[in-house]
Structures are given as C-alpha cells and as structure tokens.
Amino acid sequence: MEYKDYYKILGVSRDASADDIKRAYRRLARKYHPDVSKEPDAEARFKEVNEANEVLKDPEKRAAYDGLGSGWQAGQEFRPPPGGGFEHQEFHFRPEDMAQFSDFFSSLFGRGARGSARGGPSARQRRGEDQNARLRINLEEAYAGTTRQLRLEEPVIGPDGRVHSQSRMLNVRIPAGVTQGQQIRLAGQGLPGHGGGAAGDLYLEIDLAPHPHFHVEGRDIRIQVPIAPWEAALGATIPVPTLGGAVNLKVPAGSQSGRRLRLKGRGLPGSPPGDELVELEIQTPPAHTEEEKALYRRMAETFPFRPRAKLGV
Amino acid sequence: MRQTVIEIEGVLLDEGLTVTFTELGQLCGADAEAIERLVAEGVLRPVGRRREEWCFSGREIGRARRALRLLRDLELNLAGAALAVELLDEIEALRARLRLLERDVDR
C-alpha cells in the first residue's frame, strides 16, 4: 500500500500547531465538500482531508503517526511495522468513519478500531452510511429512460479488523423523465451497516450531458430553429425536431426572430410533462447570383421598411 | 472472481414523491428534532399545518440531506447551513442560466 503524507494533504508543515491544523482542515473541508465543490475529484479529496485530520487533530494519533518517521514520500510503497500497526495502543474511531478511510490508515489504526467496535458504545447497531454518486446521461436517455451498470467499491472490515475493498455490480434502471440535478435513491445500496444494522442508501444525482441542439430547463427543452424570411413573413408549417422525433409546427404569418412557440408536452416526460419551446431564428439566404441580387433589390424598392426607425436613424 | 449483478430500479426524488415527517427522518438518518429545526429555520417547507400532517416533496429530501451534511461536516450552525443551502440552490440556478447564455453567445 502507499504511504500517505497527512501533513502534505492538509498543506501544513510537520511542526504545525493544533490551530494551524484545524485552520487548514476547515479551509480544505469547505473547498472539497462534495455539496459545495465542483472539482471532479471532490469526494475523494474530501475523504482524504478528513482522514488526515482524524489523525493529526488528535495528539496521541499524531504522535503515533510521527513515530513512523519523516523519511517517507507520499505514494511510496509502505509496509506497516511488524505486528500490524500500533497494536500496543488503543485508538477509537467510529466504525462508519473507519470504513471510509484508506488501507494505509487501517493498517496503522485497524486494531484499535476493532477494539472500539467490539467493546465501546459504538458496538451497538448502526445503519450504514449513505453513498452519493453523480451519473452523467445524455438527453435522449433522460427522455426514454435507460439502464446503467455501476461498479461499486465498498470497504468491508474483515475479521482481522482490516479494511478490504470489495466490488459489486448494479444494473440501475433510470426512469424516463429525469432531469438535471435530480436524485434517485437506491435503498440499501450504500455502505453496509454495523452490528447488524441496515445498509445505507445510494443516491445518484443526474447530470445531463450538453446536447448539440436542445437546452434543458427543468422538464422543458428549448431549441432555436432557423426559418427562411418568406416562412416568417407568410406563415408556414415546418418540421422541427423533438426528443420523440420530428413534428410539424405552424409558424404564424408575420413572425420575427426570437418569437417563441410552445409545443405542449413535447419536453421530458413526467406528470405534467415538460414542453418544447421553439425559438424562431430568421436566416437570410445569401445573394450569390444576379437573379438573387435582383430579387433583393426589388424587395428594397417594394417594401416601405425602416428597420431602425425605433433608433431614430 | 465471479460477480453477481443486481438489477435495481431506484425511486426518483421529484415533486411526484411525498414523504411524511417520520419518513424524512428515516431517509436522512436524522432524529425528529433535527428535522423540526430545519423546518423552523425555513430550509424545509412542508405542506400541512401540524407536524403529523407535514408532507415533504422529493426535492425537500435532497435539501434536508444536504443541510444535514453541511451541519455535520463543516460544523456550521443552523443559520449558516440554511444560508449555504440557499446560496448553493442559487448557484445551481445561475449555472443553468449561464450555460444557456453561453450557448446563445456561441451561435
């Protein structure tokens, strides 16, 4: 396993005071808290910071950790001292915290934690921790529903008091109509309970991947649809894409760019389902040939059109 | 190593789902007092007058869990956690708005 430099993780020197450690921990906890942080590895960093703090904030654990010596480099292959960690000492941790910490941590403090789990007040039944994960899906999957295979790594405290990693696979059915930021609760799929307690839950937060055409607002979807000037001026029935396939949309005569038309119930499904909001965008055909240019000139002569009248010019 | 694959369908925490006061406490692993304090602080807005009648939407579950995590992990007080939850909601709304505007600018 790899040696973990708890001082480096908290960004403090080895002779940092208890106040320095507390300050550094508070700052990093705010920075990497999974509810606050947008960093992609926030969850892992937060756990690491918590683990470092768990050891360094307690003078006895800190002294034991310092006893390993300062010659280690972070990431260096680490073999625990003979006998497996600080076995002559008793350290107390909440078992649910233990389960979150690294192999390195449990190789050092594992025995103490086992003692605590057996004899202390924490030996009573306790529900497992909830777990959180973010799940990125695309808009088509959100519309139709989808199935995702998740591989969950979970720490298990073995009979020797050490933490082992165990993985299991989940095929999760994502219902149709999920939208950005929504959460799905998978009961009993979090971390295992302690002392016969129930397992925690797994919460999946939906993150919708950006779509090349559609933009999502809750269950509504928005799209900009280009139309020709004559379609806007005279009115037309035009095909527009929706998540369920193309539909015909009636563009009223005299429409301008930016006009919004609503296709009721064509957004993400739900009760009620969302709508599709179509924003018209008039595109001007380029005039390449003489005939095309002549047509524009005739328009200029025919229309008493002053587009900048409102600007007073 | 052989591995079993578990098929599972979760519960979507949206407006379509409502839970009672007791159920919310169980879902959050919190006691009645903690939930009551979140309601009193305005973090949670249940429908119903008395505690026994309170109903919380699926979205409130997410807010409650977030507030409780912030209280625990960052050692915030209740007002601080309430403020953080509100600001985080606002940041999410602004981010969504920003994504929309950036799209329009890119066109």
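Predicted model: local features only at pLDDT ≥ 70, side-chain atom pairs only at ≥ 80, totals over all residues.
1. Chain A as a whole. The secondary structure of chain A consists of eleven strands and nine helices. Of its 313 residues, 27% are buried.

2. The contact between the chains. Chain A contributes 26 residues and chain B contributes 24 residues. On the side of chain A that touches chain B, at least two residues each come from α2 (18–32), β3 (163–174), β4 (183–186) and β6 (215–217). The most is given by β3(A), which supplies six residues. By residue class, this side of chain A holds ten nonpolar, nine polar and seven charged residues.

3. Strand pairing across the contact. Besides supplying six residues to the side of chain A that touches chain B, β3(A) pairs with strand β1 (residues 5–9) of chain B. The pairing is parallel and runs over five bridges. Within it, Val5(B) of β1(B) stands opposite Met169(A).

4. Glu86(B). This residue lies in helix α4 of chain B, which spans residues 78–106. Is Glu86(B) buried, exposed or partly exposed? Glu86(B) counts as partly exposed because it has 14 C-beta neighbours inside 10 Å, where a buried residue would need 20 or more and an exposed one 12 or fewer.

5. A distance in chain B. Glu86(B) and Arg99(B) are 13 residues apart along the chain, and their C-alpha atoms are separated by 20 Å.

Conventions: Residues numbered from 1 in each chain as written. Chains lettered and ligands numbered in written order. Helix = DSSP H or I, 4+ residues; strand = E, 2+ residues; numbered from the N terminus. Contact = placed C-beta atoms within 7 Å. Nonpolar A, V, L, I, M, F, W, Y, C, P; charged D, E, K, R; others polar. Pairing = 2+ DSSP bridges.
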